[in-house]
Amino acid sequence: MVYIGFDVGGTGVQVGIVSREGEILCKGGIVTRIDIPFAEQVKAMADCALVTLAKSGYSLDDVAAVGAGIPGVVDPRTGHIAFCPNLGWKDVDFAGEMKKHINKPVFMDNDATVAGLAESVAGVSAGTHSSVFLTLGTGVGGGIVLGGKVWSGFHGVGSEIGHMIIEMDGKDCNCDNRGCLERYCSATGIILSARAAVMQYQDSAIMVKAEGDPMKINAKIVFDAAKEGDELALRLFADYVKALATTIVNIIHVIDPEVIALGGGVSKAGDFLLDAVRAEVAKMVMYKTMPYARIEIARLGPDAGIIGAAMLGL
Ligand SMILES: [Zn+2]
């Protein structure tokens, strides 16, 4: 049997035909169109999946289930997508609409959650008892997998780790709260902090790499400058690591997972980030003589969205 997985994004929908082991057999995609009604959006997705399925050499009889990872919230009580702001969806019956075209069981969950599931099936946390995935990109998302199953909470709003408050009355977040992790550990957060800081450190290597234009600063520039020993960049990097390590320690103390996987664009910093985070976490965990979560870089990259969505059907 094979599984259809949709990675629904604000700019495009990627679809994959995925094996039981989490291997993508064939891939397709369409551009997201928010100017057409919901029913037509779903039909376009289904059509793309059916074309991709035919290309893969499998037929509908071989399909066990359909899954979708969406940048939004699924209400487990109604099975509806409660809201998905990027696509303009509010309380929509995605499963019901999809079944009109592909009559198979349909599963949905938050995009970061499914990426975490993908890592637990075919990635860095494969075969583990429990794992927590953190995506460090434009925003910060979280995925919790316990005993092979995703945990999204009773109301469907669990695992919003990006909005864990790590500083009381801290920096303003997009969600209207203050002090959320996302504001400190997303690429956006790094950029905002660096832009503010370079005003007082015009001679920082960050400014050299950004060609003197604060608007050109990105997370990679800040981390690269830190690797070279630039004083300001090292300070920004230390703040970043402290915030991320604080979150990880909180996760360890609440969930105690076997693995914590770091994904998303910022995680491309690799060992430079990993070594610093591991060292900081070691200082902060409570039971210092006990083993605790392995902290690793996620392995699957952008394909995790498709794979995890498909694996919801497992
Ligand atoms: Zn927030």
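**Figure 1. Val-73 and its bridge partner in a predicted model.** Val-73 pairs across to Phe-83, its bridge partner in β6. The model shown here and in the other views is predicted. Strand β5 covers residues 73–74, and strand β6 covers residues 81–84. The two strands pair in the antiparallel sense, over two bridges. Together β5 and β6 form a hairpin, with six residues between them. The turn includes Gly-79, which has a positive phi of about 75°.

Figure 2. Cys-84 stands opposite Trp-89 in β7. Four residues lie between β6 and β7 in this hairpin. Gly-88 sits in the turn, with a positive phi of about 70°.

Figure 3. Most residues other than glycine have a negative phi. Asp-91 has a positive phi of about 45°, although it is not a glycine. Asp-91 is placed in strand β7. Ser-159 is not a glycine either, and its phi is positive at about 65°. Ser-159 lies in a loop between β11 (149–150) and α4 (182–185). Is Ser-159 buried or exposed? Its relative accessible area is 11%, under the 20% limit, so Ser-159 is buried.

**Figure 4. The edge-to-face pair of Phe-223 and Tyr-240.** The structure holds five aromatic pairs. In one of them, the ring centres of Phe-223 and Tyr-240 are 5.4 Å apart. Their planes stand at 80°, so the pair is edge-to-face. Phe-223 belongs to helix α7 (residues 219–227), and Tyr-240 to helix α8 (residues 231–254). The pair therefore ties together parts that are 17 residues apart in sequence. Phe-223 is buried, with a relative accessible area of 4%. Tyr-240 is buried as well, at 2%.

**Figure 5. The stacked pair of Phe-237 and Phe-272.** These two rings form an aromatic pair, 4.4 Å centre to centre. The angle between the planes is 20°, and the pair is stacked. Which helices does this pair join? Phe-237 lies in helix α8 and Phe-272 in helix α9 (residues 271–284), so the pair ties together parts that are 35 residues apart in sequence. Phe-237 is buried, with a relative accessible area of 7%. Phe-272 counts as partly exposed, at 25% relative accessibility.

**Figure 6. A cluster of linked rings.** Ring pairs link Phe-223, Phe-237, Tyr-240 and Phe-272 into a cluster. Two members, Phe-237 and Tyr-240, sit in helix α8. Phe-223 comes from helix α7, and Phe-272 comes from helix α9.

**Figure 7. Glu-119, a buried residue without a salt bridge.** Glu-119 has its place in helix α3 (residues 111–122). It is buried yet has no salt bridge. How far away is the nearest side chain of opposite charge? That side chain is Arg-299, 6.0 Å away. Leaving aside residues up to four places away in sequence, Glu-119 touches Val-124, Ser-125, Ala-126 and Phe-133, among others. Its contacts also include Ala-298, Arg-299, Leu-300 and Gly-301.

Notes
Residues numbered from 1 in each chain as written. Heavy atoms only, no water. Phe/Tyr/Trp six-rings, centres within 6.5 Å; stacked < 30°, edge-to-face > 60°. Buried < 20%, exposed > 50% of the residue type's maximum accessible area, 1.4 Å probe, protein only. Lys, Arg positive; Asp, Glu negative; His and termini not counted. Salt bridge = Lys/Arg side-chain N within 4 Å of Asp/Glu carboxyl O. Contact = heavy atoms within 4.5 Å. Pairing = 2+ DSSP bridges.
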